[in-house]
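Open the model in your viewer and keep the selection tool at hand. This tour goes stop by stop, saying what to select and what is there.

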Amino acid sequence: MASEYDQLITTIKAYHKDADLSLVEKAYKLAHDAHKGQRRMSGEPYVNHPMRTAIRLAEMELQLPIVIAGILHDVPEDTDVTLETIKKEFGEDVASIVEGVTKVGKVKYRGVSRYVENMRRFFIAMAADARSLIVKFADRIDNLSTLEALPPKKQYRIALESLEIFAPVASRLGMGEMKGTIEDLSFRYVYPNDYETVKQIVQQRYAAKSEYINTVMEIAEKELKRSGVSVDSMVGRLKHLYSLHRKLKKYDNNITKIYDLIAVRLIVPDIAQCYSALGILHNLWKPLKGRIKDYISQPKPNGYQSLHTTVFAMGGEIVEFQIRTPEMHEAAEYGLAAHWHYSESNKTSKLPERHKRWIDELARVHKEMVKGLKDIESIKLDFFQSRIFVITPKGDVIDLPEDATPVDFAYAIHTDIGNKCSGSRVNGELTRLDTPLKSGDVVEIITDKNRKGPSPDWLNFVKTSMAKTRIRTYAKKSISDWIKGVLPGSN
Ligand code: MN
């Protein structure tokens, strides 16, 4: 079997010893056969891409259904194997994640002015199953890593979309690691010159500073241990390139103003030891005024927790420390995804409680995002309540009230389409005109140009006032036309 498969198995075994690997093998075989003959633009077999996506998810130590969904994520969209088959072979859970990924992919990016529209597609995915979003992010990271094979115009579009939409959403979900990766991979395609500049600045600066940081860490570790703080880990972390770029722009490209180019990340067992460590470091080196931040007692809006401080270390050089517990670290790296972390100690027994935390989190993030949208376009807070988001075959999002029907959808697009509508396809299947639509449905209206006009019966089921008004207007008009017709002198 291919090396991607072996690598995936090794990665899963590392965190989930008794995983049912037969399901993973089955998923690999299905994806391998379904994508047979398909190639990526780079020329490699297509299946390598979903396999790398799954490996990334396994590296995040996520639960098996998410990893399996990663293997299968492009199957319903790009092959003859249907979602029903996936449901039958792998269960409801895997199928619903894959379905969510497919839905997100149905909406096309159409430029900056459609930002709000594009944000909505994430609501669609989140409403269905937030795990789909994580798979979608992993999918996007692999696509960004293999952008060289694409034509420049496409590279730019995908990278820009990632910077404008994927990264901010990952950030709002507290998924710091994925956000940083997405930004850094996109950066070079969107701003190639700035990318080169920043890369060079970092390389020079890092070469000059890395040895110094190592000495700082040695001294700090010794002092912490001597004072009874146990150090789980301490690493020097280089700032992500794109966030450095943004910061540099704020400070006129003056790198000496950037204090967290290399930050020392200190992980200690509990909150009490976080504060002890802060005190010990301040005793060792003088802190910089106004740079002590307690995100433990006051977490950031996305839930981020840590203590930050900047100190004058040996020779007066400035070094930033970030102090946190292992739980805070996991949350900072993986955000919402941390909830689906597989761990030996809490397997299925704790799932309902974990699930509840998820839903609370989602509600919070949802509110937060709506607030964000409000800033952009002063949309009312209740805007997203009781609304559904339905997608046109071209990939535009149409928002409608709950239980809206294909007729409401047709009138939302254009009066003529409503008036001439004779049938509809929902997710590719012929559907009655009075069927209630769901978020994420792709709806196509079949029109009949010979059709006289809307049926008054439609008034019994349409939900939007626009559809009602248009149907009534048409009915009135046709009655008056009819009267005109039979009574020629009536006007
Ligand atoms: Mn994909």
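**Start with the whole chain**

This is a predicted model. Show the protein chain as a cartoon: it has 18 helices and eleven strands. Of its 491 residues, 49% are buried. Now think about contacts between residues at least 6 apart in sequence: 66% of them join residues at least 24 apart.

**Select the largest core**

Pick Leu8, Leu72 and Phe137. The largest nonpolar core has 103 residues, and these three touch the most other members. Next, select helix H11, residues 192-226. Helix H11 gives the most to this core, with ten residues. Where does the core lie relative to domain 1 (2-173) and domain 2 (193-335)? It lies between them, because both domains give residues to it.

Stay with Leu8. Leaving aside residues up to four places away in sequence, Leu8 touches Val24, Met51, Ala54, Ile55, Ala58, Val67 and Ile71.

Then move to another core. A second, separate one has 20 residues, including Leu400, Phe409, Cys421 and Trp458.

**Select H1 and H2**

Helix H1 covers residues 3-15, and helix H2 covers residues 21-34. Their axes come within 11 Å and cross at roughly 155°. H1 and H2 are therefore roughly antiparallel to each other. The crossing of H1 past H2 is right-handed. Show side chains at the contact. H1 brings Tyr5, Leu8, Ile9, Ile12 and Lys13, while H2 brings Leu21, Val24, Glu25 and Tyr28.

H1 passes H3 in a left-handed crossing. On the H1 side, the contact uses Glu4, Tyr5, Gln7, Leu8, Thr11, Ile12 and Tyr15. On the H3 side, look for Asn48, Met51, Arg52, Ala54, Ile55, Ala58 and Glu59.

**Zoom in on Leu57**

Leu57 sits in helix H3. Is Leu57 buried or exposed? Leu57 is buried, because its relative accessible area is 0%, and the cut-off for buried is under 20%. Select what Leu57 touches beyond four places away in sequence: Leu62, Ile66, Val67, Gly70, Ile134, Val135 and Ala138. Draw a line from Leu57 to Val135. These two are 78 residues apart in sequence and 7.3 Å apart in space, C-alpha to C-alpha.

**Select H10 and H11**

The axes of H10 and H11 come within 5 Å and cross at roughly 120°. That makes H10 oblique to H11. Color the meeting residues. From H10, take Asp184, Phe187, Arg188, Tyr189 and Val190. From H11, take Pro192, Asp194, Tyr195 and Val198.

**Finish at H14**

Select helix H14, residues 326-334. Which of its residues are buried? They are Met328, Ala332, Glu333 and Tyr334. Now show what covers the buried residues of H14. Among the helices there are H3 (48-59), H10 (176-190) and H13 (271-284). Strands E2 (262-267) and E6 (318-324) are also part of the cover. Last, click Gly335. Gly335 follows H14, and its phi is positive, near 55°.

Key:
Residues numbered from 1 in each chain as written. Predicted model: local features only at pLDDT ≥ 70, side-chain atom pairs only at ≥ 80, totals over all residues. Heavy atoms only, no water. Core = buried A, V, L, I, M, F, W, Y, C linked by side-chain atoms within 4.5 Å. Buried < 20%, exposed > 50% of the residue type's maximum accessible area, 1.4 Å probe, protein only. Helix = DSSP H or I, 4+ residues; strand = E, 2+ residues; numbered from the N terminus. Domains from an automatic or database assignment. Contact = heavy atoms within 4.5 Å. Axes fitted to C-alpha atoms, helices over the stretch in contact; angles between N-to-C directions. Parallel < 35°, antiparallel > 145°, perpendicular 65-115°, else oblique. Left-handed = near helix turned anticlockwise from the far one by under 90°.
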